Amino acid sequence: MSPSPHKIVWNNCLSIIRDNIQPSGFSTWFEPIVPVQLKDNVLTIEVPSHFFREYIEEHYIDLLGHCLRKELGSAAKLEYCVKVDSCSKGVPVPHQGQGQFQNKTIPFSRANREEVASPYVIPGIRQVKIDPQLNAAYSFDNFVEGSCNRLARTAGLSIAEKPGGPFNPLFIYGGSGLGKTHLAQAIGIEIKKRMPEKVVLYVSANLFQIQFMDAVNIKNKLTDFMHFYQMIDVLIIDDVQEFAGKPGTQNAYFNIFNHLHQSGKQLILTSDRAPVELKDLDDRLLSRFKWGLSAELLAPDYATRLAILEKKCYNEGVEVPREVLEFIAEQVTTNVREIEGTFCSLLAQSTFNKQPVTLQLAQVITDRLVSSVTREVSVQDIQKTVCHYFGITQENLLSKTRKREICQARQIAMYLSRNLTKNSLSSIGSMIGGKDHATVLHSYNTVCNLMDTDRMFRQYVTDIEKRLKNG
């Protein structure tokens, strides 16, 4: 029995499409399509989901139009039917009716689609409307540049000019409150400003995990989940370290990452630590995090802290004495979030109590907010304490000497720096003799092993740690 006309037309179209796109794209987006009927130059095809249909329209409608016009002439039209669950049998069946689509709930409340009348006349692309979930306050205009973030900010501006370029993915890492989320969203905001047609989405790793679990637990939703994320032009995932220990979520993101990267789409990730320090993540995923650029955000230096405060004054439209800003910049040293919090508390206290902003008031606020929290120990504090404990000079500690007692002191300094500070391995190494992250990690593991086997050595480390915590 000879094939039906609609199958012949579709097979002829597939032979052309196969020669014009990547094999992976063909197998993903065209092999699942089933031709349903051909009537009056209108070819009806069955697709697995609404998102699948939208992706086809977004990326392949011109190619499909060319193929169908070649087969059916200039009056060619394309219609879709979407698989839905049969209530009685629980099996997929095509929804009948030209240009009609069974309503399905999108598993992502943040995705909104424009409704467009059917049938579709080729060519014609329906745009997917997705709320990017970007906070307008997190723009580059409000991001103060300093030596602590210059590399990451410069890379972000480069990406905003050309998404999917050499810095793909961009992996931004650093301690809490240093501006990772701000910078990641600033890139997305700038891209939308320059290229409104780009589909940008910011999502936390936790929300991604929840969406994935919802998709797994609801029949036939996982395909929708994957197709939704594969339509994004710029995908920003915040706090990617939260994927640790979640193999299913990691596998889903791995496949989304691969698809977007191969399609030239931009990926941006943030984490509280460098890729090399992430634990309980698939090695193949970690390797991809290193493909582009890893940029660290460090604690702001004095000049940057002062510039942040000056920027806050400008944005709030208030005048604060210079000596007050300098005092806060000197006292609050840990991260940007605490600097801004202290400044806001100072303004609130002044407004509510109708007091002028003075140095005395700033001292009260900082004593209340900063002193109540254990001040973070710095790598420099650790170096000084270790040197004093072992009776060596800081010059010896930072030297390249391989003397046993110096090496041991250096390893302890690296171990404590990793445990008591928020610095990355690479930044710790750079401050302790210009070592690389691998050396710091080796030193950390060596100290851990010695503490388990050598009681005297364990006492050394405990004594030094007590001195640091007690000030």
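Helix 11 gives the most to the lining of the second largest pocket, with six residues. That is where I will start.

First, the ground rules. This is a predicted model, where local features need pLDDT of at least 70, side-chain atom pairs count only at pLDDT 80 or more, and totals for chains, interfaces and linings use all residues. Residues are numbered from 1 along each chain as its sequence is written, and side-chain values use heavy atoms, with hydrogens and water left out. Helices (H or I, at least four residues) and strands (E, at least two) are DSSP runs, numbered from the N terminus.

Back to the pocket. It holds about 630 Å³ of space. A pocket here is an open set of points on a 1 Å grid over the protein atoms alone, where a 1.4 Å probe fits, with protein on both sides within 12 Å along at least five of seven lines; lining residues have an atom within 4 Å of a point. Volume is the space filled by probe spheres set on the points, and points are joined across faces, edges and corners. Which residues are closest to its centre? Of the 29 lining residues, they are Tyr138, Gly179, His182, Val336 and Glu340. Helix 6 (180-194), helix 11 and helix 13 (336-352) each supply at least two residues of the lining. By class, the lining has ten nonpolar, ten polar and nine charged residues. Nonpolar means Ala, Val, Leu, Ile, Met, Phe, Trp, Tyr, Cys and Pro; charged means Asp, Glu, Lys and Arg; the others, Gly among them, are polar.

Now helix packing. Helix 11 (residues 302-316) and helix 12 (residues 322-331) have axes that come within 9 Å and cross at roughly 130 degrees. Axes are lines fitted to C-alpha atoms, for helices over the stretch in contact, and angles run from 0 to 180 degrees between N-to-C directions. Helix 11 and helix 12 are therefore oblique to each other. For the terms: under 35 degrees is roughly parallel, over 145 roughly antiparallel, 65 to 115 roughly perpendicular, and the rest oblique. Tyr302, Arg305, Leu306, Leu309, Glu310 and Cys313 of helix 11 meet Arg322, Leu325, Glu326, Ile328, Ala329 and Glu330 of helix 12. Contact means heavy atoms within 4.5 Å. This contact has seven nonpolar, no polar and five charged residues.

Next pair. Helix 7 (residues 205-217) and helix 9 (residues 247-262) pack at about 100 degrees, axes 10 Å apart. That makes helix 7 roughly perpendicular to helix 9. Helix 7 brings Phe208, Gln209 and Phe212, while helix 9 brings Gly248, Thr249, Ala252, Tyr253 and Ile256. The classes: five nonpolar, three polar and no charged residues.

Last, two backbone points. Most residues other than glycine have a negative phi, and most peptide bonds are trans. Pro169 sits in the loop between helix 5 (150-161) and strand 8 (170-174). Asp239 has a positive phi of about 60 degrees, although it is not a glycine. Asp239 lies in the loop between strand 10 (234-238) and helix 9.
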